[in-house]
Amino acid sequence: MPTLDDVDRKLVAALQVNGRASWGRVAAAVGVSERTIVRHAGPLLGSRAVRVTAVRNPMCLPGVVPLVLRLRCKPGRTPLVADAVAALSSTLEVLYLEGGDEVYAVVFVPGPREQRSLLLKELPAMTSVTSWRTHRLLKIFPESLGWRAPLLDEDKTAALAPAVVFDPPKTPPEQDGIDLRLVELLAADGRTPYSDLSRATGISESTARRKVARLLAGGIIRLATEVDAELLGYRMEAVLWLSVRPAGLARAGGLLAAEPATRLVAVTSGSSNVVATLVARDVDELYEVITGTLGELPDISQFELTPVLRAVKRAGTVLG
């Protein structure tokens with residue numbers, strides 16, 4: 001694992017705010033020269049220790065079935081199962097949990113047929129898997145996405161914030177072939193210059209800018225800067241499962257989504273009907289998040305927290 005200095009950490013924090021910000025704007029936010037930022041950014045992005053990508057919103061993909069899987073494994077076989085699940089093209093995130101026999105996975109299955117294949121053929125064929133639970137993602141709280149380390153002053157963060165306002169319409173806008181190609185290019189590298197996007201799609205730079213802005217504003221994609229949180233001083237990550245009475249779902253999801261420690265908050269099917277992933281500097285901070293935020297929720301009937309041992313895949317990319 002690489003070691004990040006103060007400039008590196010603030011650079012990453014700036015990219016977490018706006019993954020496509022110019023190096024000049026990043027330099028202004030960090031408080032160093034643009035040349036210094038370029039010198040630091042090259043090794044970080046080149047080594048893939050830090051990765052800017054575009055993640056598609058499953059709620060804007062016709063036919064896609066978004067799932068969370070909890071896989072129980074035979075003793076000693078959990079790493080192999082995690083790697084096998086991460087190898088599936090439909091998995092977006094795979095975590096190896098501290099309990100020792102459980103793998104957590106977020107899966108965007110292309111459609112009902114593929115869902116049946118996954119649940120009735122692919123998972124049963126994994127002999128190291130002893131059982132699994134499937135939870136359909138019913139609602140994702142968008143304000144919970146895009147966790148970022150609060151390493152920059154508020155005014156610097158505000159200056160970096162992208163001009164595009166996330167305001168997804170009730171009916172997702174239609175996407176043409178060029179839109180899909182742009183998403184593919186940005187998923188591979190979220191900082192791909194507009195000039196390169198233009199050449200790869202055969203449209204003008206101004207059209208590429210307009211289309212990317214439309215994809216972001218429509219909630220079809222979001223930019224994500226992926227980095228091992230431990231490199232930024234955050235040594236605790238955990239998956240939280242709650243059973244919440246229906247009347248309290250909106251409040252529970254909203255309070256958790258507003259918590260800076262969350263990576264994802266979603267309402268799901270199943271007896272545990274709210275799932276969240278949390279990031280904290282240490283055990284004490286995680287405890288404060290749990291007792292503070294969850295203490296305000298009287299509709300919780302069941303609570304389960306499992307620390308993450310290792311992230312195997314994030315934002316659709318298998319980690320080294």
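Modeller: Happy to! Let's begin with L256, which belongs to helix α10, residues 249–258, and keep in mind that this is a predicted model. L256 has a relative accessible area of 1%. The cut-off for a buried residue is under 20%, so L256 counts as buried. What does L256 touch, once its neighbours within four places in sequence are set aside? The contacts are L240, L242, T262, V265, V274, A276, T293 and L294. For a sense of scale, compare K74: L256 and K74 lie 182 residues apart in sequence, and their C-alpha atoms are 33 Å apart in space.

From there, let's turn to strand β2, residues 65–73. Eight of its nine residues are buried, so β2 is largely enclosed by the rest of the structure. One partner of β2 is strand β4 (residues 102–109), joined to it by eight bridges in an antiparallel arrangement. To find this pairing on your screen, look for L69, which stands opposite A105 of β4. Strand β5 (residues 129–140) is also antiparallel to β2, and here seven bridges make the link. On that side, V68 has H135 of β5 as its bridge partner.

Now for the helices. In α2, the buried residues are W23, V26, A27, A29 and V30. Because they span an arc of only 165° around the axis, they lie on the same side of α2. What do these buried residues pack against? They meet α1 (6–17), α3 and α6 (154–160).

The axes of α2 (residues 23–30) and α3 (residues 34–46) come within 9 Å and cross at roughly 105°. An angle of 65 to 115 degrees counts as roughly perpendicular, so that word describes how α2 is set against α3. On the α2 side, the contact is made by W23, G24, V26, A27 and V30, while α3 brings in E34, I37, V38, A41 and L45. By type, the residues of this contact comprise eight nonpolar, one polar and one charged. Finally, follow the chain just past the end of α2, and you will come to G31, whose phi is positive, at about 90°.

Definitions and conventions:
Residues numbered from 1 in each chain as written. Predicted model: local features only at pLDDT ≥ 70, side-chain atom pairs only at ≥ 80, totals over all residues. Heavy atoms only, no water. Axes fitted to C-alpha atoms, helices over the stretch in contact; angles between N-to-C directions. Helix = DSSP H or I, 4+ residues; strand = E, 2+ residues; numbered from the N terminus. Parallel < 35°, antiparallel > 145°, perpendicular 65-115°, else oblique. Contact = heavy atoms within 4.5 Å. Nonpolar A, V, L, I, M, F, W, Y, C, P; charged D, E, K, R; others polar. Buried < 20%, exposed > 50% of the residue type's maximum accessible area, 1.4 Å probe, protein only. Pairing = 2+ DSSP bridges. Arc of directions from axis to C-beta.
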